[in-house]
Amino acid sequence: MTDLLLSQIKPGGESPFGTDEYVVNMGPQHPATHGVLRLVVKLDGETVKETMPVLGYLHRSIEKICENRTYPQCITYTDRVDYVSAMSVNLAFALATERLMGLEAPPRAQWLRMIFVELQRLASHLLWMGAFAGDIGALTPFLYGLRERERILDLFEMTCGQRLTYNYIRIGGVMIDILPEFVPKCRAFLDYFEPKIPEYEELLTYNPIFLERTKGVGVITPEVGINCGVCGPSLRGSGISCDVRKQQPYLFYNQVKFNECLENDGDCWARYKVRMNEMRESVSIVRQCLDRLEPGPIETKLPPILKAPPASEIYSRIESSRGEMGIYLVGDGTPKPYKAKFRCASFSNTFVLDQLTRGWKVADIMAVLGSLDMIVPEVDR
Amino acid sequence: MISGEKIVQLVSGLLQQVYALLGLSAYAGILDRVVCAVVMFGFVAVFVMFLVWMERKVSAHMQSRIGPNRVGPLGLLQTLADAIKLTTKEDVHPVKRDKIPYFIAPILAFVATFMGMVVVPFDNKMVVADLNIGILYIIAITSFTVIAILSAGWSSNNKYSLLGGFRSAAQIVSYEVPLVLSLVPVIMITGKLNFSGIVQYQQQAGYWFVFPQFVAFVTFIASATAEANRAPFDIPEAESELTGGFHTEYSGVKFAMFFLGEYVAVVVSSAVAATVFLGGWLPPFPFLGFIPGFLWFMLKVLLVIYLIMAFRWTFPRLRVDQLMDFGWKVLIPITVLNILVTGFVVLLAGKGA
Amino acid sequence: MLEQYGYVLVFLLAGIFFILMAFLTGWLLSPNGLLGVKYKYKKEVMVDTYECGVETYGTSWIRFNVSFYLYALLFVIFDIETVFLYPWAVSFKQLGMPGFLEMIVFIAILLVGLAYAWKKEALKWE
């Protein structure tokens, strides 16, 4: 693929004043590609003529490994699919397996799952906010984002002992019940956190330079967004309703009140705004979940060996922090999945990059890439 | 009372005796200059180290961190440790480089700004050489950095470096114009090009130029920030786009020289701002005159530097075309307008009086 | 007055000298320098051009986009303006209103030029 791209380069010969085309690698070792994404960028001066993501630098063949692991073992690998939002992937896989086998988690487990997934969404969006601002050149919000994220991770650590790869949401329930002090601590965090969101907005949202850099940049029109399979907050920035939590409610999302955040412009700023508003909604969802939390079992009784029915298949999707997270499982009557496929939001979102950056400047690649909230392990898996 | 003038007299008297002792009195003129250069280099090195520490502390404070606190009291020696680390680093350079410009670039980057320190007046008479065209000189000398950056970018044979170098060239030449124009109103009022003369004018007039010429002060700070390649105008080394920009391929001491040069450029611009707009060594109120002038001067320089640092840690970075637009379509018209308005006001006031 | 420029010359030479000394110290102390630690490494990898860890394609010395040069051209014009402005500003008060009016005409011509460049989108980064 890369060779194909490189072979098309013309040494700008047509006119005596033409510019030579300039092919620059951004990544895999680059400070702004959020991991080891490699972008091959064709430039004319500062103007981008073509952007091509080159994948595979973080490929760990998780889908293939899952074929050789039993269903409960697979959960561990799902953590690594998206380590910034590991709870969501845990949940996606656990839900898919439960649906495949006709199980259901008890209510308390469902509420706990919702609490943790929404907290995870907060943590992920906070990190995204910092990284996005950092891509644009403002380094300070990153530290602010991490400061709050730490407190969320503290809550996770208190519950499951882990800070990054939790392995917490299991098939048929959750790993362990929360501690008695979790609820007050979580409430304290929410009370602390909610006034912080306007603070970040003050710092960034109407900052003139931030507006210059994001308004009208990287516009995803609704058609392009749908045709390219863009999903999640990135698509909601274009005004298209695509929240799985609303469209196909799982867990108890139909029992809590929340709004789907939509913006109409489809530019980087709209995507930023969608995520900022989503943080507010997440806070309110966690509050409602904490109110509804009642004592009870946290796990269903599972058979000693989990087996999928023969020749069964399921596609189950959830709304992860980055967008639609789909899991496609094929069972063949053995304890191991015959086929596991992860449909990750980052993968589909990354490939709209070329269309968004053509004709824009080098700096806009980073702004657009940042605003799409892609994360490399999810792209490569 | 200590004043810069007395210190200078004391030191030069002492030096004369030392020369006499060594039997070198015949070369006193040259030796004086060499001593000046050595002292200034020592001052610059120490002050830049302090500034790097200050920048870290300021950024840490703004980002609710602690900042360096391990090496030395309050982490003050952190920069020294970094300097030693950079010195002992291996000098890795790409084979495909263009050798001579690659070697000259870090030297030029530092020397160009270092020479600007010649005319910085720390106190009354406490100045290396009070050139009668001080402002013109400092502007001419400091814009040599563009050649350093351009040659660094070109000679590294690295795509990021080249992009950074070109960006920097376009940026520095664009912001040179508003920088120069923003100083013109002050010269129109004072009729002087040397720094001491401008400060003396402010002393007689009883006000600092920041008050009547606030627009000029703001435009000057903005374009000086751009001249020194500092955020939000740091596109030549925008690390999220071009990794290191023009100094991607430099390591060890050579990288340190670019770093030093950038900070000296900040010091020089802040010194110009402090002298021209903030009254140089003058105390803000006459009864504070017991504090020596050079302390006031340093305080003002640090104030301006703090302002520039605060910009860096608050604002996102501009895009290259927006940067050019800001320079050509906002700053230049404003500065030209400022010149015209100042001219009218001065002439009308002169007529009335 | 001229002997003051001796300082400038000395600063120039001293600056270069200091930098060379720093280079020398660096060379002495650095690994594989005269006094530094000796070690072996794959030189050809180490001295390759950095491009995010992949091999570079082609040279980086190419014909570059013209938009950078447009600014340089504009700069030359405006820098000459400032060369005229400075002596005028110094003697501004002696020249009085006539001098000021002449300078307004001069600046106006330049501003027309700027407006023309603006209109022609020379200031627009293509």
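Let's start where two chains meet: 61 residues of chain B are in contact with 56 residues of chain C. Contact means that the C-beta atoms of two residues, placed from the backbone, lie within 7 Å. This is a predicted model: local features need pLDDT of at least 70, side-chain atom pairs count only at pLDDT 80 or more, and totals for chains, interfaces and linings use all residues. Residues are numbered from 1 along each chain as its sequence is written, and chains are lettered from A and ligands numbered from 1 in the order in which they are written.

Which helix gives the most to the side of chain B that touches chain C? It is α7(B), with 14 residues. Helices here are DSSP runs of H or I, at least four residues; strands are runs of E, at least two; both are numbered from the N terminus.

That side of chain B has 38 nonpolar, twelve polar and eleven charged residues. Nonpolar covers Ala, Val, Leu, Ile, Met, Phe, Trp, Tyr, Cys and Pro; charged covers Asp, Glu, Lys and Arg; the others, Gly among them, are polar.

Now chain A. Its open sheet has three strands, ordered β1-β2-β3, with antiparallel pairing. Strands pair if DSSP finds at least two bridges between them. At the edges sit β1 (22–26) and β3 (47–54) of chain A, each pairing on one side only. Strand β2 of chain A, residues 38–44, pairs with β3(A) over seven bridges. Take Val40(A): its bridge partner in β3(A) is Met52(A).

Last, helix α16 of chain A, residues 362–372. Eleven of its eleven residues are buried. Buried means 20 or more other C-beta atoms, placed from the backbone, within 10 Å of the residue's own. After α16(A) comes Asp373(A), with a positive phi near 55°.

Note on methods. Buried ≥ 20, exposed ≤ 12 C-beta atoms within 10 Å, placed from the backbone.
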